Every structure is written in C-alpha cells, then in structure tokens.
Amino acid sequence: MSLHEATTPAFRANARAALDNANLQAALRGSRGNFITKRARAREDLPEFDALRDRARDIKDHVLAHLDLYLEAYEAQVIASGGHVHWAETAEEARAIVLDLCRQAGAKAVNKGKTMISEECGINDFLAENGIAPVETDLGEYIIQLRGEVPSHIIAPAVHVTVPEIEAAFRKAHTHLDPDRDLSDLAALQAEARGVLREKYFQAEVGITGANMLIAETGHSVIVTNEGNGDLTQSLPRMHIVMASLEKIVPTLEDAATILRILGRSATGQEMSVYTTFSRGPRRPGDPDGPEEYHVVLLDNGRSNMLATPFQDMLRCIRCGACMNHCPVYQAVGGHAYGWVYPGPMGAVLTPSLIGVEQGGQLPNASSFCGRCEEVCPVRIPLPGMMRSWREREFEKRLTPAAMRRGLGLWAFAARRPRLYRIAARLGAGLLSRLGSKTGRIASLPFARGWTGERDLPAPQRGGTFMDRWKAARR
Amino acid sequence: MSARARILDRIRAAAAPGDRQATVAAWMAAPGGGPLPHQATSHGAQRLTQFMQKLDAAAATVGRVSALAELPKALAHELRKRKLPARIRFGDDPVFAGLDWGTIGTSRGPGRIEEPATLSRAEFGLAETGTLVLASGPDNPVTLTFLGETHFVLLREADLCGGFEDFWTAWRERGLDPRTLNMVTGPSRSADVGQVLQLGAHGPVALHVFLLS
C-alpha cells in the first residue's frame, strides 16, 4: 500500500491504537503546551493581532471571490519572468507533470522542501516507483522519511517521534558513519542530519518546494521556513518545481505582508520565521547560482468544487497548525490517527471535501466542539460549524453507524415533542440522581459503558430538571 | 479542453455576478489598506534601537561600522573573536571589491559545500522584526546566505525601514528584479529533534550584521 492512501475510515481503531502507544503518548506530552504558550505570548506582544486576522480573512475572501482572475494575473507574471505554469486537476495529473519535468531534467535524485501538496499527491512513492530518489530535506520530514512514515503535523511533521527513535533511525540509515559515534545529545543528532543532507543538496538535479503564498501582482512564490532547507533545495539544482494549490494566491506584496504577520505568530509564536523567500522565474543572466528552470504546478484536486458551498471558508486556511496545537482530540491521539494528509480540525473539515465524506466522514466526529480551533484560527475559519455540517451530511447519506443513527433518531423524535421530552428528562434525571444519591457520581451504568468504563458519570442535581427549576424560579 | 480551462470554468461557475474585473483592478491599484502595527512605524534613532533589539531577539548579533573602509577591520575582529579562519567569501559586489582586506583571505563566487564564513550586502532592513532583505544576483549570490557556517551581512543604516509598508514602497522604487528576494531573521534553526529549538539547522549557525552609518 502506498503511504498516501487514506486510512481515514479506520479513525476509531487508529485513535484507540494511538492512545495505547506509549512512545507516541510520551512524544505528545513533550510537545503539548509549547505551541500554545508561544502563540499566546506573540499575540499579547502585538496589539493589532486580531485586527490583522480580520484583514487576512477579508483578503482571502476577496481572493476566493475573484480566484479565476487572480490565477490568470499570477500566471501571466510567472511567464513574463521566464517561468512555466502547469495546471493539474487531480493528484494523478500533478504526479505525471512532476515526473515528466524530472525526466526532462535527467533527474536521478530530487530534493524536497516541506510541501503538504506533494503529500496530497503522493509524489515520493511515485518518483521512487519510477526510479527517481526523493530526498526530504526538512529535518522533521527527513526523520519520518527514514522511518517510512508520513507527517503527523503540518508544520512539525516529526512531532510524534521521540529522541531515542530518531537516534535509532539515524544509526540504521547512516551506515557510512562510525557505529560507535556519540549521539547522546540533541545537538549531535541535528549536526549529523545537517552533514548528511548538505552533501545531498549538491547531488540533486531537481528541487521541489511548496509555497505558502503565490503573489498575483508579481508572480512570486513564497516559502516560509526556519531551517533554510527550502532555499538550498531550490537554489542548488538546475530545476526548481513549486507545488502549490490554487487558493495560495494573494493579490499584492502588501497582502502577503498581512499574512506573514499572522502566520509565524500563529504557528510557532515567531514574529517572523527565519527565512521568508520570494522567488520569481529562473536565475537571471549572469547569476552564478539559482535554478536554470522554474516551474509551478498548480493543483486543484477538488478545491474549485468547494467554492460557493458551505465549505468555501476552509480555503482561507494558511496552514499554520494553530488549530491542531489547540485541539484536545489531536493532542490526545496525534496526527496519524486521522489517516490522511491533513490532521486536526482543519483536516477534519478539509479531508471529506477533498477525498469525499464516504472516506473522510469520521473525522468531523473527532471533536468535542470546544471551539478553541475557531478561536485561534488566524483567518477565522468557523471550523466547528463546518464539522457540524459534515456530520449532518454523513447522517443524511446514512454513513453513520446504525446504533448512532437509532440513538439520534430517538433523540430527534423526542426533541420535536417538548412535552414528551420534558417527561422523559424528568424521569431520567430523577432516576440518575437516585442512583448516585450517596456520592453524587455513578460508577457504572448499562447502555453508557462507553462513558462509565473510563470514568464516573456525574449524577444530576436534586431538585428537578432545568425546565422545572426555570418555571419555579419565574413564579 | 485543457485542465486549465476546466479549472477556470468551475471557478467562474461558482462566482457571484457583478463587475469582478473592476473590483480586482481597484484592489491591485491600491495595495495595502490593512491595519498598520505600531511596531512597524518607528523612526530615526528609535528605529535603529528597535532593529538592534529585534536582531538580538532573533539570536543574531550586530555591530556598527562608521565608514565602509572600516569593514575589513571589523570583520577581522569578528573572525578572531569567533575563532574562525581569516578567510571570507563574497560575490562581485563593487562595495566589497574596492576595499583593502588586509590579512583576510578573500574568495569570490557562490556558496560552496564547506564555507566557514560568507559575507553579503543587504538591500534593506526591517526594524519591525529585525529582518534583513537580500537580493540574489552576481553581486550577492543567494547560496552565500545559506552555505556559510557564519553569515556576515552589511547593511547601510539609510536602508533601514520601519516595517513592511515603507519597505515595499522602497523596494518598488529601487526597481530590482532578482530571482529571489530573501528575508532573513536570525540564524537557521529547528525544533524537529525532541521539540527543542537548536540553532544551525541547514543554514548558518550564526548571523552577524554590520550596520554602516
């Protein structure tokens, strides 16, 4: 099975396995809270942060309403700068375009900066099947490539890997190095990866990067990184291929600045990431470095079908990862349980849009609807509301399990009959409060073992239901 | 029908009616319009102070140079202090070519696989975030920014901007069209090993700025 094939329908089993995985839980414990604290501090330090979020939302909405025009303007600028634009409707088309370009460049090895679009297209497996070696150069991506995994987080792809696991992966892969070398500290691990990858930068014929933004005014593609790997990836080989999805367009350089002001702060709490690079076309005459060819692969893969639907707002996403950093479900099970490219709340909304509710319909159920994702989203995407819409569609399409459908059906029947609902609520609350009268808690309850198997159910207060007390208080 | 035409058709089918061309033209004709953060509006001495503070926060170091002719001496001092060999690599920038480098061995050209120290000239700086803006080309090859263990950058104080707004205006006025415009904020770093931030991921381990008054 290729790595990018979805295991989304197995979300429940994946989540259970994740909760039982001691290494994963240790890694998640180690990172939990870091991102949250840093983002909160960055927000406090910038009084205009929330106003910038509003502006970023408006920019993205404006782009989505005029996407065809901005794509055409962008394309014209890329061509004017000597670059090429390739349009791909599907992941398959994008793969074929990339392979064709790699063959034109005579590539044996292809270096890759971090790109989620290439994950969406399953580029690595496809290139490998066709005799071209893909090399991930982002440190986290490199670690998981050695382990035969996919990213578990969109900006911290190896967040699920513990330090001893990294050491084991390096020892297994870097057999040309002294087997007795000391890798006991983090600096030694980072230095080893730096040394190994430094050589690979000079070997590849093609470098593939993603794009955080595409600028219609100038034809720039923009990457935002901290490591510098994306820049070496695009500057040393003879061909640079940018893989980007349609909605990455922003109109002007000033609009790009607005997005940059919220992107780093939302992602890692940085005012600016270390490297923000605007690339336009191939190397200029006389340039001693930079690629001789510059290609952009524009991927649709279902996005144009999201326009003018309840899920259009999802296309505002700038891939900062704040929603997953703040999500109690993601923080409990990690990213792999979600089973496809995009985890966490943004993945729960985007995945059913891109691969279908039949495949991805379980993910919107992985939410407690606490609302933190929407609260921190830099472009104010109403994630919980959209998850609710997906749940409704899943129910309408009869994809929800039978027991859940019956339960929801029963509840809906009662909820539409207020008198019946109140009688049932009164009976239920009375019974439960008697059951838990001594301790205020119920340790075991038939039909609710999913809850009481792990924890006690709080018994309802005495003194009647909410409606009873409301009426009594008004009297 | 091409993939391009099919994609654009789907987008147009979903679009609301109205003069969309005019809306786009108006937006492009008046770039900006977003909230202006206070930290992007510094001036004069305060701008300089803020820039230096932001460089420090980004784990970069900075020193001031009173005249261009003083640069080789300042660089020699930094190389000694960092226990680096007395060697530097830079591009064909005429600003560097005209200087007497004394005891420092110089080489010209793009970055190489192992290079203890490289020198570039930044076009602009942003006090808003302590960011340097470099333009790739024969004068300042882009790989020098990423392949030096320690990267030294010369910036004229006159090229220091408050923030993105005045920077983009100045950038357009200068009329450059490099293959890459590189914004650099501190030395490279990663937290991918054990979620602990470490400097020197793939790019430089250290970044030092010479501010020329």
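**View 1. Contact between chain A and chain B in the predicted model.** In this predicted model, 76 residues of chain A are in contact with 59 residues of chain B, where contact requires C-beta atoms, placed from the backbone, to lie within 7 Å. Helix H11 (residues 186–201) of chain A contributes the most to the side of chain A that touches chain B, with seven residues. Helices (H or I, at least four residues) and strands (E, at least two) are DSSP runs, numbered from the N terminus. Sorted by class, that side of chain A holds 35 nonpolar, 22 polar and 19 charged residues. Nonpolar covers Ala, Val, Leu, Ile, Met, Phe, Trp, Tyr, Cys and Pro, charged covers Asp, Glu, Lys and Arg, and the others, Gly among them, are polar.

Residues are numbered from 1 along each chain as its sequence is written, and chains are lettered from A in the order in which they are written. Since the model is predicted, local features need pLDDT of at least 70 and side-chain atom pairs count only at pLDDT 80 or more, whereas totals for chains, interfaces and linings use all residues.

**View 2. Strand pairing between the chains.** Strand E9 (residues 275–279) of chain A and strand E9 (residues 180–184) of chain B run antiparallel and are joined by five bridges; pairing requires that DSSP finds at least two bridges between two strands. A:Thr276 has B:Met183, in E9(B), as its bridge partner.

**View 3. The fold of chain A.** Chain A has 23 helices and 12 strands. Its C-alpha trace spans about 85 × 60 × 45 Å along the principal axes. Among contacts in chain A with a separation of 6 or more, 73% are between residues 24 or more positions apart.

Definitions and conventions
Two residues are in contact if their C-beta atoms, placed from the backbone, lie within 7 Å.
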